[in-house]
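Biologist: Please take one chain of this model and look at it closely, and then carry on from there to the other chains. I would like the cut-offs behind each term as you go.

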Amino acid sequence: MLFAVDWTQLAQQTVIGLSSGGTWALLALAIVLIYRSTGVINFAQGEMAMFSVFIAWSLVDHGLAFWAAFFLTIAISFAGGVAVERVVIRPVEAAPVLTVVIVTLGLLFVVDGASKIFWSPERRTIPNAFSTRPIDVAGVAFSIQDLGNIAVSLGLVVLLWGLFRYTKLGLALRAAAANPDESRLLGIRVSWMLALGWGLAAALGAVSGMLTAPALGSFDQNLMQPVLLYAIAGAVLGGIESPLGAVVGSLLLGVFVTLIGTYVGWVGTTLRLPVALAVILGVLLIRPTGLFGRAEARRV
Amino acid sequence: MRRALGIGLWVAMVVAGLAVFLLLPHFVSDFHSRDLAQAGAFFIAIIGLDLVTGYTGQISLGHGALMAIGGYTTALLVVHEHWRDVWTIPLAGITAGIVGFVVGLPALRLSGLYLALATFALAVALPDLIKKFSHFTGGTDGENFLAQAPKQVTGLGGITIFGHSMTQNHFLYYLTWSIGIVGFFLAWLLVRGRAGRTFRSVRDSEVAAASSGVNLAATKTVAFALSGVYAGVGGALYVIQNEIVDPLSFTISVSILILVGAVVGGLGSLWGLVLGALFVEYLPTLSTHVSTRPGVPDFVYGAAIIVVMILLPTGAGGLIQRLIRPLTTWLYTRP
Amino acid sequence: MGRAVYLVAGLLAALALTTGASGAGSSTPGVTSTQIVIGGTIPLSGVASAYQTVGRGAAAYFRYVNAKGGVYHRKIVYLIKDDQYDPSQTINETRELVEQDHVFAIFNSLGTEQNLATRPYLNAMGVPQLFVASGALTWGKDYAQWPWTIGYQPNYIAEGTIYGRYIAKTAPKSRIGVLYQNDDYGNELLTGLKRGLGKKGKLIVSKQSYDATDSDVQSQIAKLKAAKTNTMMLFATPQFAIQAYVYARKLGWRPKVYVNAVASASNIMGIASNATDKKQTEGSISIVFLKDPTDPRWKKDPGIKLYRSIMKKYKGVHPNDVYNVYGMSVAHSFVEALKKAGKNPTRASIMKAVTHLNVHNDPFLLPGIAVRTSPTDHFPLDQARLERFHNGRWVAFGGLFRVR
């Protein structure tokens, strides 16, 4: 039975799964960062990333070279993230969690609406950071773009890890999220730490958007909507507080979803997502904090 | 003396509310009665969500899916088994209640964020599941009452009840809000009594509740089941009003809508929920009235939600409580 | 006293005469002596909002017609309601149009499921459901059961049939792989393909579906390649058609591509070419029935010049969007039908007009295409040409296909 499997097809679909997962991993990182620094899942993260892509497009359209536009967009998105936190999140910082969740949902519509006001809904492209020339290894095809996306994700994981573990700023961010009241007593400006967290997440989102758009061929205002779902799923699978978990979780999810869709007939494409979510639910029931999550100690 | 006044005020409020309910359709156009009926369907689902999330502290982002269960139960009974639409409502509620119970089981193991995401996953997955089992559910085409079972639709062309004849729109309004008022009353009794205290104890501190002898598992699953019944009834009424259902009728947007309605209405209290239902019913239309330029309705919709949340973080219910606190304090303290 | 009575009687008589003469609100809803009110549902927000130009183009055309005096001195008031592509909302909005806005007819509502949802209601109420913006077969086929409903664009089965027949005739040894969207639109294109292939149906070696909510179709393209197909049918919306080209290139695979009309607009092909390389899109085949405003071959065409002037003067949005052209064509046909319906149109007379159309002067359709219906032919547009993508441009070849 084992030898009846078409190994090339299996390898190819696995590579495709890693490629899909790689695009989700970047957004998953942004979601984890926001959660870790502010305790909230930002449902508008995808739309903010999409808005960044449009900014990048406009910059390139006005004649800026791609890499200049790339980094300028990251800077603009960082500022935008900070601004959003100051204007929209700060007034509800002390409110119940669900109120903040609703605010991020409102933000989703606001950003989506704004993107439609400024840009028409036709399909656009931005230049590719990585080459899409096909590379063939033993009958399995992939491209530098696939490797590049995964490499960038892992690189960002290392950067974030370094930030949180080894810098004073990272420590302050973690303290502000874990224990706002005591952090204030220590002189940490908690409010600005939250704003910083949002800015960093928005910057990460911008990277995610600018790498995802070419990976999916073209983009419009709906770019990130299916990606958001998979990114949240991947982040949860990996452990919502772990950047490494976000990347590994997304890659695993990508491979799993692709292979299940390919090899299990009754699942096909329609049931890929429900099955994936069911599996994640199963994982959570066994390990409630995800694959890489640490168990929380709660004060009673 | 003050107590009598307090009770008197309370009774007057209830009577006024009932009067509004009975007479409103005659003051708004026939067509708007149907909008109000739809607000009523949301109202019932919102009560359910408030019971499980506001009172018991179990976050559910999947109530749209429970509405879908109720709605599809109604649709399938009407189209395939030829039941009259209104008689399917109880069964729709029970079915959704059972599913709610099942949804509550992971709540025993997951909490907070993870529970929210699990229920979110259910809401996202349900339309795909409905499409997959198309021979049973009608697939992407869904079920259309007027095309497939027009005789089972109550009130088409006008109806006479208790000697009064009325249009179909008015009938739907009275049907929905009667059920809504009854449901509200039952919920009110529930949260006033022992069950309500049990729910709130689980919300406030599970450890404290458990050490006081509360059966956490039973409480959580019962809360979910109960909220499922409400959502199912709301979903059934929604489908009866629209006379059609398909996988896109209950996407994640509906779950979000119900959640927004509950939070705006005020979690943990019941009185503001009507306002929450009206908010989610009319906000989309109002957004389009501002302008139909591309993007503007979405922007206005989101901005309105954000502004309301900033101004009223505890929702309309919280506001109402703050406003009447001086009054109740005055009424119920000895001079 | 006596004079007062005569005065009042005279006023009453005058009042009775005027209301009788104007016919306002008496028998035909939506028609007064100065205007005629129609309405439809379009997704103005939400996932399908890119299609809204189907309505906006029509609205601009009506503004142009009104500026020239309207039809029999009546201005056309076209109400567009947003249904967010959700059939339950479509029902609500359509009811509002009929029962509150009292429209004369429902016109140019978009979406297959959306119009299926409202069709029973509109036919029960005797409200014309005109020129449904969807390519499903049922709008033209089931008129006996639903006499108030009629479609417009060439239906998807017809389109698939054209491809099937062409392949059967010119490349009978192809190995065909199909990427199709898992809904009525994709399924009907596939059914048409099989019908067109006839006895050669076995040429279809692999069929891969996807959902509109999927994030990418890499896996499906890989499966098509693994099945050793050399012809790829793209029965997909623009977003996924572009992806198909991109992923085929990533796999180092260059099949012959047939791309359906919905996804073949010039700017989409341009994106696909730039995202891959020129060779990947070279030789792709599609059908066409509208003039694409970004296509250089229509630069000096009077029809497209009219299109551009209307877009500029009458507040059109997204002038390069071909769906606007569709909107103008369907609005043009409605105006022709309205003229035919007589000086005092009724719902019955407009239905008679739309089932007896013979319009040859539509400036927005390809030369030679007519809008034609008869009591037994409820397909207004059933002609198209094949076109091939060559050196970055679509070039039509062969004659006009007529497919039923």
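Modeller: Read along the sequence, chain A runs α-α-α-α-β-β-α-α-α-α-α-α-α, that is, eleven helices and two strands, where helices (H or I, at least four residues) and strands (E, at least two) are DSSP runs numbered from the N terminus. Its radius of gyration is 20 Å, close to the 19 Å that the globule rule gives for 300 residues, so chain A is as compact as a globular protein of that length; the radius is taken over C-alpha atoms, and the rule is 2.2 Å times the number of residues to the power 0.38. This is a predicted model, in which local features need pLDDT of at least 70 and side-chain atom pairs count only at pLDDT 80 or more, while totals for chains, interfaces and linings use all residues. Residues are numbered from 1 along each chain as its sequence is written, and chains are lettered from A and ligands numbered from 1 in the order in which they are written.

Along the principal axes, the C-alpha atoms of chain A fill a box of roughly 65 × 55 × 35 Å. Of its 300 residues, 56% are buried, a residue being buried if 20 or more other C-beta atoms, placed from the backbone, lie within 10 Å of its own, exposed if 12 or fewer do, and partly exposed in between. Among contacts in chain A with a separation of 6 or more, 72% are between residues 24 or more positions apart; two residues are in contact if their C-beta atoms, placed from the backbone, lie within 7 Å.

Chain A touches both of the other chains discussed here, beginning with chain B. In that interface, 38 residues of chain A are in contact with 34 residues of chain B. On the side of chain A, α4 (97-118), α9 (225-238) and α11 (272-286) each supply at least two residues, and α4(A) gives the most, with 16 residues. This side divides into 31 nonpolar, five polar and two charged residues, where Ala, Val, Leu, Ile, Met, Phe, Trp, Tyr, Cys and Pro count as nonpolar, Asp, Glu, Lys and Arg as charged, and the others, Gly among them, as polar.

Towards chain C, 29 residues of chain A are in contact with 32 residues of chain C. The elements of chain A that give two or more residues to this side are α1 (7-38), β1 (134-137), β2 (140-143), α9 and α10 (243-263), with α1(A) providing the largest share, six residues. Here the residues of chain A divide into eight nonpolar, 17 polar and four charged.

Within chain B, helix α5 (residues 112-132) has 21 residues, of which 16 are buried, so the helix is largely enclosed by the rest of the structure. At 1.5 Å a residue, α5(B) should span 30 Å, and its end C-alpha atoms are 31 Å apart, which agrees; the expected span is 1.5 Å times one less than the number of residues. Even so, α5(B) has a kink of about 35° at B:Ala125, shortly before the proline B:Pro127, the bend being the angle between axes fitted to the seven residues ending at a residue and the seven starting there.

Another residue of chain B, B:Ser33, lies in helix α2 (residues 30-55) and is buried, with 24 other C-beta atoms within 10 Å. Leaving aside neighbours within four places in sequence, B:Ser33 is in contact with B:Pro25, B:Val28, B:Asn169, B:His170 and B:Tyr173. The C-alpha atoms of B:Ser33 and B:Tyr173 are separated by 5.8 Å, although the two residues are 140 residues apart along the chain.

Chain C comes to 14 helices and 14 strands. In chain C, strand β1 (residues 35-42) has seven of its eight residues buried. With strand β2 (residues 75-82), β1(C) pairs in the parallel sense over eight bridges, two strands being paired if DSSP finds at least two bridges between them; C:Ile36, for instance, has C:Ile76 as its bridge partner in β2(C). β1(C) also pairs in the parallel sense with strand β3 (residues 105-107), over two bridges, and there C:Gly39 stands opposite C:Ile106. In the loop between α2 (53-67) and β2 of chain C lies C:His73, a residue other than glycine whose phi is positive, near 65°. C:His73 counts as exposed because it has 10 C-beta neighbours inside 10 Å.
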